[in-house]
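The following exercises concern a single protein model.

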Amino acid sequence: MILCSQIEGYLAKSSWIRRMFETGIELKKKYGAENVYDFSLGNPDLAPPAAVAEGLRELAEDAGKPFAFGYMPNAGYPQVRERLAEVVSVEQGVAVSAEDLVVTCGAAGGINALFRAVLEPGDEVLCPAPYFVEYGFYAENHRGVLKAVPSKPLTFELDLKALASAISDRTRCVLINSPNNPTGRIYSLEELSQLADILRQASARTGRPILLISDEPYRFLAYDGTEVPAIFPIYEHSVVISSFSKNLALAGERVGYVAVNPAMPEGAHLVAGVILANRILGFVNAPAVGQKLLAKALGHEVDASVYARRRDAMAEVLREAGIEFSMPQGAFYFFPRIPKGGDDAAFVNELMQEQILAVPGSGFGYPGFFRLAFCVDESTIRGAAPGFARAVAKALG
Ligand code: PLP
């Protein structure tokens, strides 16, 4: 066997994802891309804001100079950390300094560097389900175990009682994501404050501080004026991880950050650990071009009103098809219920017959639901309406 058994196992388990991806390509070849309604990928389709192109032109002027793209401090360019600290200070409502954060290869690189820095073998990462599927792999990359706790059906509120009773001596951190992929849920200040109380009590009991990690690449995308509460003011052992994949549409450029709560007593030590982990995982540092673009484009954003219109269009299409869902408060996903409580993979297959691509909820640790990403044109959303209606009619028998 050329692969290690763990990767071999992952490949076997994720074969349906590959199958769906391949089927998508086949469908597009057969029917034409405009007749395939692909809601399977959370890949932002909007153009980056103009500041990115302007920044790139300025960068090109310096590209001939020595060290233009050379090694740098592993934590990132000092001026980029300074700018990021200003942004995070505003978002979190507390003074964050450049020394409190590390520039990483996206949010994904940030979570991996953090896990590498804090997990002992067998440590548990507690996480509300449904959750971003990669979390499980990230925990296992660093000898941890992801322990998922189902959120309350349809509203996807945190099940605080269940989370509290899932905490064990091995719980090293709780990983939340708000606005949430795949549900679009934004956790309220009250929910988060109650979670913070639970973690404080549990930390006192186990004698080891439990970290609260907030993965928030969709913070910029909250609808109807909903606030995305800051976690630094409510829990001192907290860490914010984010990226510019979605708000600047720079997903391929791999820039993000890990920001450690300045109120954390061991904060400086944790930052030192994350910087080292970032280096020895082979990331070394976040990409030079991405960081320099960031310095130019911070404060600009893709046009979020486009997503708001698409959300309304998708809600209309699903409502007309008789599909039950809770309106996403943020991000660009719907996570509706399978009609008649049926099997999610079977319904997703049914949708595929209608050239509609979606992802079964089982892929997010939450069967009985499915995810639709609306990073697609409004015409694709509206064009899928008859297919949704037919698939539901079949499911209802
Ligand atoms: N966390 C969540 C919830 C995501 O949805 C994604 C990407 O879709 C990531 C992390 C990874 O983000 P990045 O591409 O910035 O590493």
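**Exercise 1. The surroundings of Ala295**

Leaving aside residues up to four places away in sequence, Ala295 touches Gln79, Val80 and Arg83. The model is a predicted one.

Task: Determine in which helix Ala295 has its place, and whether Ala295 is buried, partly exposed or exposed.

Solution. 
- Step 1. Ala295 belongs to helix H10, which comprises residues 288-297.
- Step 2. Within 10 Å of Ala295 there are 16 other C-beta atoms.
- Step 3. A residue is buried with 20 or more such atoms and exposed with 12 or fewer; Ala295 is therefore partly exposed.
- Step 4. Ala295 and Phe388 are 93 residues apart along the chain, and 43 Å separates their C-alpha atoms.

**Exercise 2. The overall form**

Task: State how many helices and strands the protein has, and explain why it is as compact as a globular protein of its length.

Solution. 
- Step 1. The protein contains 14 helices and 12 strands.
- Step 2. Its radius of gyration is 21 Å, and the globule rule gives 21 Å for 397 residues; the protein is therefore as compact as a globular protein of that length.
- Step 3. The C-alpha trace spans about 60 × 55 × 55 Å along the principal axes.
- Step 4. Of the 397 residues, 46% count as buried.
- Step 5. Among contacts between residues at least 6 apart in sequence, 75% join residues at least 24 apart.

**Exercise 3. Strands and their partners**

Task: Give the strand order of the open sheet of 3 strands, and identify the strands that stand at its edges.

Solution. 
- Step 1. The order is E9-E12-E11, and the pairing is antiparallel.
- Step 2. Strands E9 (333-334) and E11 (359-360) stand at the edges; each has a single partner strand, so one side of each is left without a neighbour in the sheet.
- Step 3. E11 pairs with strand E12 (residues 370-373) over 2 bridges in the antiparallel sense, and Pro360 stands opposite Phe370 in E12.
- Step 4. As a further case, strand E3 (residues 124-129) pairs with strand E4 (residues 145-150) in the parallel sense over 6 bridges. Ala129 has Pro150 in E4 as its bridge partner.
- Step 5. Of the 6 residues of E3, 5 are buried, so this strand is largely enclosed by the rest of the structure.

**Exercise 4. Backbone exceptions**

Most residues other than glycine have a negative phi, and most peptide bonds are trans.

Task: Describe the peptide bond that joins Ser178 and Pro179 and the one that joins Asn181 and Pro182, then examine the phi of Arg143 and of Ala249.

Solution. 
- Step 1. The bond between Ser178 and Pro179 is cis, with omega about -10°. Pro179 is in the loop between strand E5 (171-177) and helix H8 (189-206).
- Step 2. The bond between Asn181 and Pro182 is also cis, with omega about 20°. Pro182 lies in the loop between E5 and H8.
- Step 3. Arg143 has a positive phi, near 65°, and lies in the loop between helix H6 (134-141) and E4. Arg143 has 13 C-beta neighbours inside 10 Å, so it counts as partly exposed.
- Step 4. Ala249 has a positive phi, near 50°, and is found in the loop between strand E7 (238-243) and strand E8 (256-260). Ala249 has 20 C-beta neighbours inside 10 Å, so it counts as buried.

Technical notes: Residues numbered from 1 in each chain as written. Predicted model: local features only at pLDDT ≥ 70, side-chain atom pairs only at ≥ 80, totals over all residues. Helix = DSSP H or I, 4+ residues; strand = E, 2+ residues; numbered from the N terminus. Rg over C-alpha atoms; globule rule 2.2 N^0.38 Å. Contact = placed C-beta atoms within 7 Å. Pairing = 2+ DSSP bridges.
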